[in-house]
Amino acid sequence: MIKKKKTIALLLAGAMLASAALAGCGDSGNASRENSQGNQEGQGGQEGRPEDGSGQEGQPDGSGQAGGEGGTVTMWMHNGPAFVDATKALAERFQEETGISVDIQIFPYDVMSQKMQAAYSAGNEPDIIQAFGSWLPPYVNQGMLAAVPDDFAAAFDTDFFEGATEGLKKDGRYYGVPMELQCEYGLFYVPEKVKEAGIEDGKPDNFEEVVQVGRNAARFNGNVLEYGGLEFDNGDNVAQLFLSWILQYGGEFWDESGVHMKLTTEEGQKAWQRLVDLVAVDRVTDLKHVTPELGTDMFFFNQKAAQLVKGSWASAYEEQFDFHDWEYCFFPAVEGDIPTFVVETGWTYVVSENSASKDNAFKFVEFCLRPENAMEFNMATITIPALKAVAEDPAFTDAKENVRFKDQYQYLKYSRNVGPVQDMDFVKKLVQDTLRGQVDGSYTTESALEYMETEINKHIDTLLSQAG
């Protein structure tokens, strides 16, 4: 047991180094999402201390202990206010229905992955964690997460979008239950800027029009960007655009083994060159103005850009910056009529394999994923439903909170999970850094693809060898 804990500690520490590096390189995607809600509603708590629940400061309770007639399960989550409020409401109703209480312990988002790593390494993890998908492969590979019970998982293939669940599957079993579909393939745009580019209806309907608007709107003072035409330089979108465009050009980015990535293909070259050309040829933006304090989403809502590639959750910045003259659509395909797009595994409920309260833990998770409860959560948190029944329900799509985003829901069926990349944070940082390197003249398209393919596959092999 001591050897196993040491192994998982080393493995998880390596994975977290990549995550920490990503967090320091500008708009880090997922962290930006939680900050958008925090800035709007106020963040609470101190680093490393639960804001709620019965655990001692900085000392989690670990797996739930029996308490009360129905027992207690312990759950950790980040402190995004909308997530907290929605989850607490579900936990209260769950206790009313079952008698089982949920001890919710809340931590700042920035320390959640490290807290999870430390707890699993020490063997005192809680029963349930709301975890982000990119954190999970090491835990799955080490057998640290409980498989979803067969009777619960039986309908996953039909009830959930494949993009939401595929990354949670190993050897035919699922090791988590998705709370959302982590869709970043949307386009915020300013209708007036679209019209200024000669598009009379004020909406870009295809990729060429997106570029047309970007080129027309972007303003530079020498080499300094003053107003962006198309903002996409952030942790999530650079990698997801690249991989999505490989699919849209008719290619694949996994080799025949399904273990290693294959980027040095004709389709890979076309996708990567198109991404480079947005900056180097079309000059719709640059790769210098984004900072940890001002990401692409905040740049757009601060009225500094005409278009933004981002998930609909970024609309939480609307009130903060008091900017309302925008619209939203699904990002058009770079080529073809089928806009297949890549998603990561998003926020997910996972249950510890070592939990003494697995049955009650999965009862709570299943309760949260009842369509009516999942809809309530997705609406409150501005997240995309993982459940098809919710995404296709007019009560959700036509709700005033979602009507601006209705265009995207018809395309969710084209989502495809990025696959067994093992550490998506590493991939996102590598792709973003390599794009910057090529724009600065350090790579050609061929050398950039060779470098990324080699480094990603080396990292995959390292993580898999540690898991074995």
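Predicted model: local features only at pLDDT ≥ 70, side-chain atom pairs only at ≥ 80, totals over all residues.
**A sheet and the helices across it**

To find one of the partners, look for Trp-76, whose bridge partner in β3 is Ile-129.

Now widen the view to the sheet around this pair. Five strands make up an open sheet, and their order is β2-β1-β3-β13-β6, with mixed pairing. Which are the edge strands? They are β2 (101-107) and β6 (177-178), each of which pairs on one side only.

Next come the helices that lie over these strands. Helix α4 (residues 109-122) lies across β1, β2, β3 and β13, and runs at about 135° to β1. Helix α3 also lies across β1, β2, β3 and β13 (347-351), running at about 165° to β2.

Helix α3 (residues 81-98) packs with helix α15 (residues 358-368) at an angle of about 120°, and their axes are 10 Å apart. Because of that angle, α3 is oblique to α15. The crossing of α3 past α15 is right-handed.

Which residues make the contact? From α3 come Leu-90, Ala-91, Arg-93, Phe-94 and Glu-97, while α15 brings Asn-360, Lys-363, Phe-364, Phe-367 and Cys-368.

Note on methods: Residues numbered from 1 in each chain as written. Heavy atoms only, no water. Axes fitted to C-alpha atoms, helices over the stretch in contact; angles between N-to-C directions. Helix = DSSP H or I, 4+ residues; strand = E, 2+ residues; numbered from the N terminus. Parallel < 35°, antiparallel > 145°, perpendicular 65-115°, else oblique. Left-handed = near helix turned anticlockwise from the far one by under 90°. Contact = heavy atoms within 4.5 Å. Pairing = 2+ DSSP bridges.
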